[in-house]
Amino acid sequence: MSTAAQPTTRRTLYFGLAVLAGLVIGALLGFVAKQTGAAWLTTTLKTTGSIFTNLLQFTVIPLVFTAIVVGVNSLRGLGGGRTAARLGGKTLLWFGITSLIAVLIGIVVGLVSGVGKGIDVTPSEATVQRLADRAQGDWLTVINGLVPENLFSAFASGEVLQVVFVAALVGVATYALGERAKPFIAFNQAAFDIIQKVLGWIIRLAPLGVLGLIGTAVATYGNQFFKPLLSLIAAVYVAALLVLFVVYPVLLRFVGKVSPRVFFAKSWTALQFAFVSRSSGATLPLSRQTAVNLGVRPGYAGFAVPLGTTTKMDGCAALYPAIATIFIANLFGVQLSAWQYAGIVLVAVFGAFATAGTTGWFTMLTLTLSTIGLPAEVVATGVAIVYGVDPILDMIRTATNVAGQITVPVLVARGEDLIDDDVLAAPSAPPLLDDTTGDGPNDDRPAKHEDLVPA
């Protein structure tokens, strides 16, 4: 191993061990808090987790907006409008293909495991009512919620889907304006760099964050929900691991011509952070830089990864709604028909835009349940039950999302001859855990500025 690769390996190892330690210590502290009734410990864990989550959430909106605006313009260096349209079309097509595979795996795992059968668990009335009052996913709500009432309301209220819509419009407009939009693009590039630097500092707090989040979940729910819902947790993790370590590696090997070992070595830091943060948006800079480290041209990576961050969610939008729907149906003795299973597939493939933001799982699950026609009381009670273990499920869902958001750009880039195999083969530092900067594959910028607008 080269001397340059050794510090990289050590940083990745130390970060992974620190995250693992946070998981274990957090679970132990949560167990102690639950068993002893130590309210102060529960409050401390909850506060720690909440601060970490809030730090991540305040970066998501500006990250998504600036990344999409800069990403759309980064296509300029790859060709004209037709090239951009072709790349966008192929990217969306692969999003759909991999989502289809993921939802079918979710259905098969759910049916084979019989998840939800023979379980007797009742959520609290307060939880049921709180979730019943929450805006549930349906096709009309998704369409109506796409366009904000004004330019600033989406940013102020944290409506990620609306921010994506506005960013896409602005990105296309600046692409069309060319030279005249150069100052605005430069501003967005600088803003992205600043937010990314802040996020790099937040990432170093991930072990403490996961300690608080896991500890809070254990202290709050304890065995009341974990034991009855172990079959659901196991089914979701099995399906996610099949997608992560079977589907993606096969596609990478035979379509992307990339070694799965190299892929996971370079993406491991991003996957770890996705697992801990439970936020694809907050992981965006790591995902984009990982794609670049895998040899994907920065111009295309700067476009495809931000697009995937809001529309490519194999964990939240495909396999999880499939398994959770089967779980809830079995829980209430509802026999699903072939047409209802077809509805689950339809929502997974075409409803991904509804998952934008940190509450994507809720929107997609309720959208799936309403599409197949389950009674409202079954939906409210079922969602309240799975909500109890959602932090545990959300970790593997988000890691699966992010792995797909990195995989698809690699597949498309290989077909479009946009992969630099020298960069792919070269060692690379963990994204945002390395303080070096430059113009090589470790550069943490979405793309070089000269790739964005004409000189």
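A residue counts as buried when its relative accessible area is under 20%, as exposed when that area is over 50%, and as partly exposed in between. This report applies the terms to aromatic residues of a predicted model.

The count comes to 3 aromatic pairs in this structure. One of them joins Phe65 and Phe155 in an edge-to-face arrangement, with 5.4 Å from centre to centre and 70° between the planes. Phe65 belongs to helix α2 (residues 39–74) and Phe155 to helix α6 (residues 153–157), so this pair ties together parts that are 90 residues apart in sequence. Phe155 has a relative accessibility of 29% and is therefore partly exposed. Phe65, in contrast, is buried, with a relative accessible area of 13%.

Another edge-to-face pair is made by Phe263 and Phe264, whose ring centres are 5.2 Å apart and whose planes meet at 85°. Both Phe263 and Phe264 are buried. Together with Phe245, the residues Phe263 and Phe264 form one aromatic cluster.

Aromatic rings also take part in contacts with charged side chains. The charged end of Arg76 is placed over the ring of Tyr175, and Arg397 lies over the face of Tyr320. The table lists these two arrangements with their distances.

| Charged residue | Ring | Distance to ring centre |
|---|---|---|
| Arg76 | Tyr175 | 4.4 Å |
| Arg397 | Tyr320 | 4.3 Å |

Definitions and conventions:
Residues are numbered from 1 along each chain as its sequence is written. This is a predicted model: local features need pLDDT of at least 70, side-chain atom pairs count only at pLDDT 80 or more; totals for chains, interfaces and linings use all residues. Side-chain values use heavy atoms; hydrogens and water are left out. Rings of Phe, Tyr and Trp (its six-membered ring) pair if their centres lie within 6.5 Å; planes under 30 degrees apart count as stacked, over 60 as edge-to-face and the rest as tilted. Helices (H or I, at least four residues) and strands (E, at least two) are DSSP runs, numbered from the N terminus. Buried means under 20% relative accessible area, exposed over 50%, partly exposed in between (1.4 Å probe, protein chains only). A charge sits over a ring if NZ of Lys or CZ of Arg is within 6 Å of the ring centre and within 35 degrees of the ring normal.
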